[in-house]
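Please look at the model below before reading the points. They concern how the parts of this protein meet.

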Amino acid sequence: MRDQVTLTRRVSFSSGHRYWIASLGEEQNRALFGKWASPFSHGHNYVLDVSVVGSVDRSTGMVINIKALDAVLQANVVADLDQKSINDQVPEFSDKAPSLENLLLYLAARIARSLPPQTKLLALRLEESPLLYGEWENGKLTLTRSYEFAASHRLNSPDLTPEQNVELYGKCNNPAGHGHNYVLEVTVQGSPDPKTGMMLPIDEMDHMVEKLVIDRYDHRHLNVDLDEYKNVPATSEVVAQHIFEALDGKLPAKLKRIRLQETARNVFEVSAPE
Ligand SMILES: [Zn+2]
Ligand SMILES: [Zn+2]
């Protein structure tokens, strides 16, 4: 029997923050944070998933008692951040940008040192909004942004006869096609800039994803409108591969993975080699 088990616990907190370093002047703040620079705060309902790993205790059958884990999260996350203005009330951020990246590093350090010795912090996932979350794992940070596009396609292989295509793809081979509201998650990896606390300017990433993917794919028939799908089956596996290729090396941080959700029940993923 495998000894190590991972447990993930969710906790949430609502906090205010702003991208404005008090010790810098207006001009410097605007240069650093661009359109996000503001001396006024705004808020998020953060959702934090905390994954810990450890051996299962023979007598209790647990990796860690959830009550003990909740006590750690209450003291180090909720009591510290919930209903607080992060820049004003959390000393660590009095002169440091409270970005998702910096919050993850801060939370990882606090949680890791407060766990009992037999339990190790494996990963954190911190969601700032349904369109943006960051992950921490073994000191590595990633940021994931969600996009949407609606497109139609027809599953049809030029290597097969019409009968074989119908046999293989069924109603997805319908000559007129059918459509999906695709959800595309793009994940990048990097280290935060010491000044901005961000691994990349999100608006530059949005701009590139929109230009290279969304503008080309949204409200199109993939087989008809996009040359790359004219002679291959436009399955989500193939679409995911093409989207990865289109973005790889083009974003302001290293592309780690893309996830393409075709329906609520189908998700396809392409990752960069380790
Ligand atoms: Zn914010
Ligand atoms: Zn389909």
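1. In this predicted model, domain 1 and domain 2 together bury about 1,500 Å². Carbon and sulfur atoms account for 57% of that area. Interface size is often stated in this way, as the accessible area lost when the parts come together.

2. Which three residues supply more of the area that domain 1 buries against domain 2 than any other three? They are W36, E101 and Y133, with 38% of the area on the domain 1 side.

3. The contact draws 17 residues from domain 1 and 16 residues from domain 2.

4. How many salt bridges does the rule find across the interface of domain 1 and domain 2? The count is 1. R257 forms a salt bridge with E135, and their closest N and O atoms lie 3.2 Å from each other.

5. Polar contacts were counted as well: 8 residue pairs, both members at pLDDT 80 or more, are in polar contact between domain 1 and domain 2. On the side of domain 1 that touches domain 2, the elements giving two or more residues are the helices α1 (26-33) and α4 (100-114) and the strand β5 (132-137).

6. The make-up of that side of domain 1 can also be stated by residue class. Its residues divide into 11 nonpolar, 3 polar and 3 charged.

Technical notes:
Residues numbered from 1 in each chain as written. Chains lettered and ligands numbered in written order. Predicted model: local features only at pLDDT ≥ 70, side-chain atom pairs only at ≥ 80, totals over all residues. Heavy atoms only, no water. Contact = heavy atoms within 4.5 Å. Buried area = accessible area lost by both parts, 1.4 Å probe. Salt bridge = Lys/Arg side-chain N within 4 Å of Asp/Glu carboxyl O. Polar contact = N/O pair within 3.5 Å; in protein donor to acceptor, adjacent residues only side chain to side chain. Helix = DSSP H or I, 4+ residues; strand = E, 2+ residues; numbered from the N terminus. Nonpolar A, V, L, I, M, F, W, Y, C, P; charged D, E, K, R; others polar.
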